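Subject: Handover of a structure with its ligand

Dear colleague,

Please find the structure below for your use. My notes on it follow.

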Amino acid sequence: MIKLSNLNQGIPYLLFKQKYDDAVNAEQKNIEAISISSYENKANEVDSRYVNLKFIINDEFIFFSNYASPKASAFNSHNQISALLYWSNINTQIRIKAKIKKTSDEFNQKYFSDRSKEKNALAISSSQSNLIDSYFQVKENYNKILKNADLRKCPDFWGGYSFTPYYFEFWEGHESRLNKREVYKKSDDIWEHFILQP
Ligand SMILES: Cc1cc2nc3c(=O)[nH]c(=O)nc-3n(C[C@H](O)[C@H](O)[C@H](O)COP(=O)(O)O)c2cc1C
């Protein structure tokens, strides 16, 4: 589940909540899964991966990851991302463009200490996306950390990312491909509204 709190009252946020509630009521599986696409300057490459969207606090969408991972270096080199959700049970796609930044150390520490020790052991033990000799080695590293490390203390290489959308597109699938597409684009603090052809 995504935790929504103190939600921004702008129209696209209210529409997001309406769609989210519909997806919850329709028992959407993997409702938190959101694809994040980034651009890495040095490699001149675009890449995408799913993460779990954990919070929307006011106008900030928040997920957690490793601050030394490839995605982190991409965000560092180019802080503009696109995010994509598809909730199949309500046949709705939401496309987002945003600027991304890290969440605060205090926020990370609070979230980390509320998580299970197993999740934290994995976060501490993994140099995310680095090469390793075997999956056996992955398990060894994990078990060692699970037994020996302080599993309440958030390491400085792990924490949240927050992005604040400046563009939303809500796509609703309809019969005969008469799909409905609505865009909200922020311009000078005003949400402009557009309808797109299917
Ligand atoms: C449904 C789903 C949810 C995921 N959630 C996260 C997440 O919240 N944080 C994360 O770091 N990786 C998550 N992953 C793994 C990422 O997709 C990715 O493999 C990992 O973050 C490394 O990405 P990078 O090499 O681009 O940094 C998830 C994968 C899937 C399939």
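How many nonpolar, polar and charged residues does the shell around the ligand have? The shell has six nonpolar, seven polar and three charged residues. In this count Ala, Val, Leu, Ile, Met, Phe, Trp, Tyr, Cys and Pro are nonpolar, Asp, Glu, Lys and Arg are charged, and the others, Gly among them, are polar.

Please note that this is a predicted model, in which local features need pLDDT of at least 70 and side-chain atom pairs count only at pLDDT 80 or more, while totals for chains, interfaces and linings use all residues. Residues are numbered from 1 along each chain as its sequence is written.

Ligand shell

There are 16 residues around the ligand, of which R49, S65, S69, K71 and S129 come nearest; a residue is near a molecule if its C-beta atom, placed from the backbone, lies within 6 Å of it. Two or more residues of the shell are given by each of β3 (45–52), β5 (60–66) and α2 (70–77). The largest share, five residues, is that of β3.

The chain as a whole

The protein chain has five helices and ten strands, taken as DSSP runs (helices H or I, at least four residues; strands E, at least two) and numbered from the N terminus. Its C-alpha trace spans about 55 × 40 × 35 Å along the principal axes. Of the 198 residues, 20% are buried. Here buried means that 20 or more other C-beta atoms lie within 10 Å of the residue's own, exposed means 12 or fewer, and partly exposed lies in between, with C-beta atoms placed from the backbone. Among contacts (C-beta atoms, placed from the backbone, within 7 Å) with a separation of 6 or more, 62% join residues 24 or more positions apart.

Helix α4

In helix α4 (residues 117–125), the buried residues are N120, A121, A123 and I124. They line one face of the helix, because they fall within an arc of 165° when seen down its axis; the arc is that of the directions from the helix axis to the C-beta atoms. Their cover includes α3 (105–113), α5 (135–148) and β8 (158–172). The exposed residues E118 and K119 are carried on the face turned away from the buried side.

Residue N41

N41 is found in the loop between β2 (33–40) and β3. N41 counts as exposed because it has 11 C-beta neighbours inside 10 Å. Leaving aside residues up to four places away in sequence, N41 touches S77 and H78. From N41 to N89 the C-alpha to C-alpha distance is 37 Å, and the two are 48 residues apart in sequence.

Yours sincerely

Definitions and conventions:
Two residues are in contact if their C-beta atoms, placed from the backbone, lie within 7 Å.
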